[in-house]
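Subject: Structure for you to look at

Hello,

Here is the structure we talked about. Please open it beside this email and follow along; my notes come after it.

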Amino acid sequence: MADTEDLSLSRRDLMAAGAASAAIAGAPATASAATPDAPHLAQVTFKVNGQKRSLTLDTRTTLLDALREHLRLTGTKKGCDHGQCGACTVIVDGRRINSCLSLAVMHEGDEITTIEGLGAPDKLHPLQAAFIKHDGYQCGYCTPGQICSAKAVLDEIKAGVPSHVTADLTDALKVTAEELRERMSGNICRCGAYSNIVEAIGEVAGGLSKGEMA
Amino acid sequence: MKAFTYERARTPAEAASAAAKDPTARFIAGGTNLLDLMKLEIETPRRLIDVNGLRLDKIEATKDGGLRIGALVRNTDLAADKRVRKDYGVLSRALLAGASGQLRNKATTAGNLLQRTRCPYFYDTNMPCNKRTPGAGCSAIGGFTRSHAVLGTSEACIATHPSDMAVAMRVLDASVETVKPDGVTRSIPIADFHRLPGNTPHVETALTPGELITAVTLPKPVGGMHAYHKVRDRASYAFALVSVATILHKDGSGRVALGGVAHKPWRVEAADSALPQGIKSVSELLLAGAKTTSQNAFKLTLAERALGAAMAQARS
């Protein structure tokens with residue numbers, strides 16, 4: 001890494017190279033008894049955005065690092081890496097999770113959807129279009145997580161999953177600004193685009209209930 | 001994070017037996033707390049036993065009219081279950097007051113009970129902590145204590161248990177079902193499941209080495225009006241400073257438990273009996289023996305007021 005050639009590498013290349021060497025460096029799993037700190041490798045196969053992917057990974061690799069550093073799907077972002085910010089939110093078997101707090105090897109057979117699987121620049125997902133229209137971001141770093149989370153939030157409301165602000169646990173659910181704000185609380189936006197994010201999601205939901213605009 | 005081997009357990013007894021043979025092993029289910037602690041090297045398991053394939057993910061009616069909640073039922077599914085919403089509203093409310101949607105989708109019933117304290121000194125590996133290193137000393141005592149326990153504390157630890165769900169489980173008199181490494185099963189009343197810190201704050205539950213939670217059982221519904229009132233520093237996605245779980249009946253009788261104030265959900269039988277006498281009597285009994293610092297003494301006033309708010313909420 002001290003070689004001057006490395007100076008031409010981008011920051012992303014450097015980080016990827018570091019993560020990759022962490023994943024494959026050291027002795028193979030069979031030699032690990034002699035060196036307790038050597039990585040243990042394991043195989044996992046899952047579907048990412050409809051495509052079957054098989055990886056041999058250090059067991060420590062999070063789903064987030066598998067997506068970003070091994071599959072080069074860098075749409076999913078690493079913010080806090082501790083499940084506090086939501087930038088790493090992806091959808092696994094229809095449910096949103098923090099990919100930073102999940103081991104890749106625990107996703108055998110799972111179907112994973114990342115922001116790259118929701119839409120493309122020439123074919124935006126309605127939530128992506130709505131975020132652009134309503135200016136639901138400034139720097140954009142949290143946006144992929146916000147959009148994956150929002151997609152799952154709308155599905156959760158449809159499926160009748162209540163929230164902390166649902167007034168009556170036995171009533172039908174409504175899409176209100178209050179509901180969206182509560183359900184999106186696991187996605188932090190340090191630029192503070194929250195009110196525009198709620199408007200964007202509300203529009204895709206078919207409009208917020210009356211008197212509940214953000 | 002330290003390197004570890006990874007395996008998938010096939011039966012609960014097999015998982016318990018494997019864990020008992022290897023003190024460096026940990027079970028992993030949702031992983032939302034364990035992985036966070038492993039990244040910080042507060043937890044350093046050398047062997048992870050994945051219990052997600054054990055089919056402990058059903059909510060079933062019991063013979064005596066209660067519910068048996070599989071250890072692997074996700075917090076989202078438990079909170080959304082129609083039977084829970086109708087008959088055990090306090091549990092649904094407590095779950096929905098905790099964490100974020102993403103975390104609730106992963107976090108399990110057993111894992112929620114077993115989550116570790118969020119004491120900042122427990123998380124800071126540069127500071128002594130009796131939970132991390134027994135005998136090292138407690139950095140919280142004499143440190144910043146605003147979020148810490150005021151009841152049941154010891155000279156060794158003033159950490160709180162962070163779970164909302166457990167407070168509701170306590171007020172519902174749930175039981176924790178387990179299997180031991182030799183295949184023997186037992187049922188532990190939730191009141192006895194979490195321990196006070198005493199001289200061994202690193203021993204947080206009644207579980208023995210390798211013992212695996214298979215389910216949490218709720219007795220038949222007791223009726224009444226249910227409420228969970230949580231007070232925190234922001235409106236969503238934060239741990240409780242103080243929380244109150246309550247079930248009130250029309251005749252004024254009921255039950256109450258507090259969260260955010262002790263090393264375990266806090267319930268006092270005499271305080272339950274005092275409910276018809278009003279909030280003042282209840283909070284005096286609940287908070288008897290409290291030991292506060294200048295930074296967390298506010299929790300006593302807050303608990304009394306939160307109790308009032310919870311009771312008003314239950315009656316509304």
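In this predicted model, B:Arg47 and B:Asp22 form a salt bridge, with N and O 3.6 Å apart. A salt bridge here is a side-chain nitrogen of Lys or Arg within 4 Å of a carboxyl oxygen of Asp or Glu. The pair links distant parts of the chain, 25 residues apart: B:Arg47 is in strand E3 (residues 47-50) of chain B, and B:Asp22 is in the loop between helix H1 (12-21) and strand E2 (25-28) of chain B. Helices (H or I, at least four residues) and strands (E, at least two) are DSSP runs, numbered from the N terminus. B:Asp22 is buried, at 16% relative accessible area. Buried means under 20% relative accessible area, exposed means over 50%, and partly exposed is in between (1.4 Å probe, protein chains only).

Two notes on conventions. Residues are numbered from 1 along each chain as its sequence is written, and chains are lettered from A and ligands numbered from 1 in the order in which they are written. Because the model is predicted, local features need pLDDT of at least 70, side-chain atom pairs count only at pLDDT 80 or more, and totals for chains, interfaces and linings use all residues, while side-chain values use heavy atoms, with hydrogens and water left out.

Other salt bridges

How many salt bridges does a search of the whole structure find? The number over all chains is 32. One of them joins A:Arg183 to A:Glu179, with the closest N and O atoms 2.8 Å apart. These two residues are four apart in helix H6 (residues 177-183) of chain A, so about one helical turn separates them. A:Arg183 and A:Glu179 are both buried.

In chain B, the side chains of B:Asp57 and B:Lys58 also form a salt bridge, at 3.3 Å from N to O. Are these two buried or partly exposed? B:Asp57 is partly exposed at 44% relative accessibility, and B:Lys58 is partly exposed at 49%. Elsewhere, salt bridges that share partners join B:Arg26, B:Glu43, B:Arg116, B:Lys131 and B:Glu204 into one network.

Where chain B meets chain A

On each side the contact takes in 41 residues: 41 of chain B touch 41 of chain A. Contact means heavy atoms within 4.5 Å. The two chains bury about 3400 Å² between them, and 53% of that is on carbon and sulfur atoms. Buried area is the accessible area (1.4 Å probe) that two parts lose on being put together, summed over both. B:Arg85, B:Arg93 and B:Gln102 supply 20% of the area that chain B buries against chain A, more than any other three residues.

Three salt bridges run between chain B and chain A. B:Arg46 and A:Asp37 form a salt bridge at 3.0 Å, N to O. Which element gives the most to the side of chain B that touches chain A? H6(B) does, with five residues.

A buried lysine

B:Lys299 is in helix H13 (residues 298-315) of chain B. B:Lys299 is buried yet has no salt bridge; the nearest side chain of opposite charge, B:Asp233, is 9.2 Å away. For charge, Lys and Arg count as positive and Asp and Glu as negative; His and the chain ends are not counted. A polar atom of the B:Lys299 side chain lies 3.1 Å from the backbone oxygen of B:His148. Not counting residues up to four places away in sequence, B:Lys299 touches several residues, including B:Arg146, B:Val150, B:Leu241 and B:Gly260.

An exposed alanine

B:Ala235 is in the loop between strand E9 (225-231) and strand E10 (242-248) of chain B. B:Ala235 is exposed, at 68% relative accessible area. Leaving aside neighbours within four places in sequence, B:Ala235 is in contact with A:His164 and A:Glu182.

Chain A as a whole

Chain A has seven helices and five strands. Of its 214 residues, 50% count as buried.

Regards

Key: Polar contact = N/O pair within 3.5 Å; in protein donor to acceptor, adjacent residues only side chain to side chain.
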